[in-house]
Amino acid sequence: SDSELSRLPRKMPRAKWQDSHAEEVWALKQEGRTVKQLAAHFEVSEPLIRAALKIVADRASSTGGPIASPPQQSGPEVE
């Protein structure tokens, strides 16, 4: 009912964990950590870790970025 409030957007997309942590996940992956270890480190699920790694790989492939080798998107890792 307030005219100022009516000018505000109704909904804003929620921030995604994998978007805001992709670079940090990638850096730790480059140190040799497994997806399982990364999930434990960040206290998130393995699919979120894989999504973060995919974001970095997609950025690198679309820009020809400085990432030496994109992360492998194979099945679950076994320790």
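Biologist: What covers the buried residues of α4?
Modeller: The cover includes α2 and α3 (35-42). Helices here are DSSP runs of H or I with at least four residues, numbered from the N terminus, while strands are E runs of at least two. This is a predicted model, in which local features need pLDDT of at least 70 and side-chain atom pairs count only at pLDDT 80 or more, while totals for chains, interfaces and linings use all residues. Residues are numbered from 1 along each chain as its sequence is written, and side-chain values use heavy atoms, with hydrogens and water left out.

Biologist: Which residues of α4 are buried?
Modeller: They are Ile 49, Ala 52, Leu 53, Ile 55, Val 56, Ala 57 and Ala 60. Buried means under 20% relative accessible area, exposed means over 50%, and partly exposed lies in between (1.4 Å probe, protein chains only).

Biologist: How many residues does α4 have, and what follows it?
Modeller: Helix α4 has 18 residues and spans 26 Å from first to last C-alpha, close to the 26 Å expected at 1.5 Å a residue. The expected span is 1.5 Å times one less than the number of residues. Gly 64 comes after α4 and has a positive phi, near 65°.

Biologist: At what angle do the axes of α2 and α4 cross?
Modeller: They cross at roughly 85° and come within 8 Å, so α2 is roughly perpendicular to α4. The contact (heavy atoms within 4.5 Å) involves residues of α2 including Trp 17, Ala 22, Glu 23 and Trp 26, and residues of α4 including Ile 49, Leu 53, Val 56 and Arg 59. Axes are lines fitted to C-alpha atoms, for helices over the stretch in contact, with angles from 0 to 180 degrees between N-to-C directions. Angles under 35 degrees count as roughly parallel, over 145 as roughly antiparallel, 65 to 115 as roughly perpendicular and the rest as oblique.

Biologist: Turning to charges, how many salt bridges are there?
Modeller: The search of the whole structure gives 3 salt bridges, each being a side-chain nitrogen of Lys or Arg within 4 Å of a carboxyl oxygen of Asp or Glu.

Biologist: With which residue does Arg 59 form a salt bridge?
Modeller: Its partner is Glu 23, with the closest N and O atoms 2.9 Å apart. Arg 59 is in α4 (residues 46-63) and Glu 23 in α2 (residues 17-30), so the pair ties together parts 36 residues apart in sequence. Arg 59 is partly exposed at 36% relative accessible area, and Glu 23 is partly exposed at 45%.

Biologist: What about Arg 50 and Lys 54?
Modeller: Arg 50 meets Glu 46 in a salt bridge at 3.2 Å, N to O; the two are 4 residues apart in α4, about one helical turn. Lys 54 and Asp 58 form a salt bridge at 2.9 Å, and they too are 4 residues apart in α4.

Biologist: A change of topic: how many aromatic pairs are found?
Modeller: There is 1 aromatic pair in the whole structure. Trp 17 and Phe 42 are edge-to-face, 5.4 Å centre to centre with 75° between the planes. Rings of Phe, Tyr and Trp (its six-membered ring) pair if their centres lie within 6.5 Å; planes under 30 degrees apart count as stacked, over 60 as edge-to-face and the rest as tilted.

Biologist: Are Trp 17 and Phe 42 buried or partly exposed?
Modeller: Trp 17 is partly exposed, at 21% relative accessible area, whereas Phe 42 is buried at 14%.
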